[in-house]
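Trainee: I am new to this structure and would like to go through the terms used for it. Please show it to me.

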Amino acid sequence: MATKVIMPQMGESVVEGTVGKWLKQVGEVIQEYEPLVEVETDKVTSEVTSSVSGTVLRIYVGEGLTVPAGAVLAMIGQPGEVVPDAPQAEMVAALGHAAMGSSAPVPPAPLPPIPVSPPAPARANTTHVTPVVARIAAEHRIDVNQITGTGHGGRVTKKDIMDYLEKRPAAPSAAQPEKSLPPWEQPGSGDLFKPTDDLYRQPALAPAPVTTPPTAAPADHVHKAPPAPGQPGDLIPLSTMRRRIAEHMVRSKLQTAPHVTTVFETDMSAVVAHREANKAEFGKRGINLTFTAYFMAATAEALRRHPLVNSQWTDAGILLLREINIGMAVALDEGLIVPVIKHTDELSLPGLARQVNDLAQRARAGSLKPDDVSGGTFTITNHGVAGSLFATPIINQPQTGILGIGAIKKRVVVLENDAIGIRPMVYLSFTFDHRLLDGASADWFVAEIV
């Protein structure tokens, strides 16, 4: 029986999506969990993966069309299987809601004959998963239909699959003593504040055969110039992301907030020493300890102590926000995106580092969801990764400020005892909305971070 490919619910507040690009065409074979189509919202582009293996029999929605969540995009089945030539009634209604683009869905092309072996009986599979879950399932050879999903509509979430992996019994030849993990290493725990290590230190165990190496920490991302968009004289079409960036920056800088920037210099000696002492240990737990995590931790604490910075301007007054959700700007070849770490002030340094790793990797892989880039109350941009010393970033509306982090450079400085020393130094630039903050209140905030 043919399987429907539906427009997923891209986020709690997102009710529709635009078909950006079909990665498979009618008649092509697709494997389970293989990307089928790119779906765009006003913030992110995500891949929709196939829930079954088979052949693309029909495509109902053309590229550039916008349809609501739940609309049927395509049908996947076995060669020769009969499927409707036109979408069902609800699909027709959805296409009537389409955004500007081609005026009609892709006409169903006749399925070309494909020489194949007798197909195996298709098993029922209606589980729709995110690209992250699909990659984990493929890596560990897991059938997601065996997992009970706790997400919306029974969807299998990342926490579900990680819990399944944790509880799955090991092979007899690889049996090892059961070891309880501390709370900050439990899948889905959110890496809450880490208690004293001694509380969770395990007694010595007899050596056991090791079947798999520990999870390696993600490698540092190599920052390089984006590829050339074209040749001199070319007219480069504006992407959806570039249009959104342009609109957002113009509205923030010219139409909304009076921008002021203050710059502080910071000695990073203690942070560099702590990172060097703990990077290897974090790496054993699959965490790449980057400097960004330290800045996140310090900024979250400063926001807690200076709530006026964690606020929004409204016509009725200044709204002090309850949550501290810090966004981090991630540079992509085609632009910039700001994934958000929710409840940043409630996370330990390991938890923050893990979240930074995960969001940055998914941002560059194009697998962020709209919920990942919404709800931010403050933003950090680490422009120093490209060698920039300091900058005057533009506020990410409707927030009150944005912190710019320059490159960490060894410089000759005068110490407190008037001695001359060499220290790793960094410039922190804080751009703020002068409607809410004055110079003194802004400076006290940055001094808290320092």
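Predicted model: local features only at pLDDT ≥ 70, side-chain atom pairs only at ≥ 80, totals over all residues.

Trainee: How many helices and strands does the chain have?
Mentor: There are eight helices and 19 strands. Helices (H or I, at least four residues) and strands (E, at least two) are DSSP runs, numbered from the N terminus.

Trainee: What makes V37 count as buried?
Mentor: Buried means under 20% relative accessible area, exposed over 50%, and partly exposed in between, with a 1.4 Å probe and protein chains only. V37 has 0% relative accessibility, so V37 counts as buried. V37 belongs to strand β4 (residues 35–40). Buried residues make up 40% of the 450 residues in the chain.

Trainee: Which residues is V37 in contact with, leaving aside neighbours within four places in sequence?
Mentor: Contact means heavy atoms within 4.5 Å. By that rule V37 is in contact with V19, K21, W22, L23, S46, E47, V48 and L73. V37 and L73 are 36 residues apart along the chain, and their C-alpha atoms are separated by 9.2 Å.

Trainee: Why is α6 called oblique to α8?
Mentor: Two packed helices are described by the angle between their axes and the distance between the axes. Axes are lines fitted to C-alpha atoms, for helices over the stretch in contact, and angles run from 0 to 180 degrees between N-to-C directions. Helix α6 (residues 291–305) and helix α8 (residues 439–449) pack at about 140°, with axes 8 Å apart. Therefore α6 is oblique to α8: angles under 35 degrees count as roughly parallel, over 145 as roughly antiparallel, 65 to 115 as roughly perpendicular and the rest as oblique.

Trainee: Which residues meet where α6 packs on α8?
Mentor: A298, T299, A302, L303 and R305 in α6 meet F445, E448 and I449 in α8. These residues divide into five nonpolar, one polar and two charged. Ala, Val, Leu, Ile, Met, Phe, Trp, Tyr, Cys and Pro count as nonpolar, Asp, Glu, Lys and Arg as charged, and the others, Gly among them, as polar.

Trainee: What makes α6 oblique to α7?
Mentor: The axes of α6 and α7 come within 9 Å and cross at roughly 125°. That angle makes α6 oblique to α7. The contact residues of this pair divide into eight nonpolar, one polar and no charged.

Trainee: What is the phi of each?
Mentor: Most residues other than glycine have a negative phi, and most peptide bonds are trans. Phi of H343 is near 50°, a positive value. D418 has a positive phi of about 65° although D418 is not a glycine.

Trainee: Where is there a cis peptide bond?
Mentor: A cis peptide bond joins Q397 and P398, with omega about 5°. P398 lies in the loop between β16 (378–381) and β17 (401–405).

Notes. Residues numbered from 1 in each chain as written. Heavy atoms only, no water.
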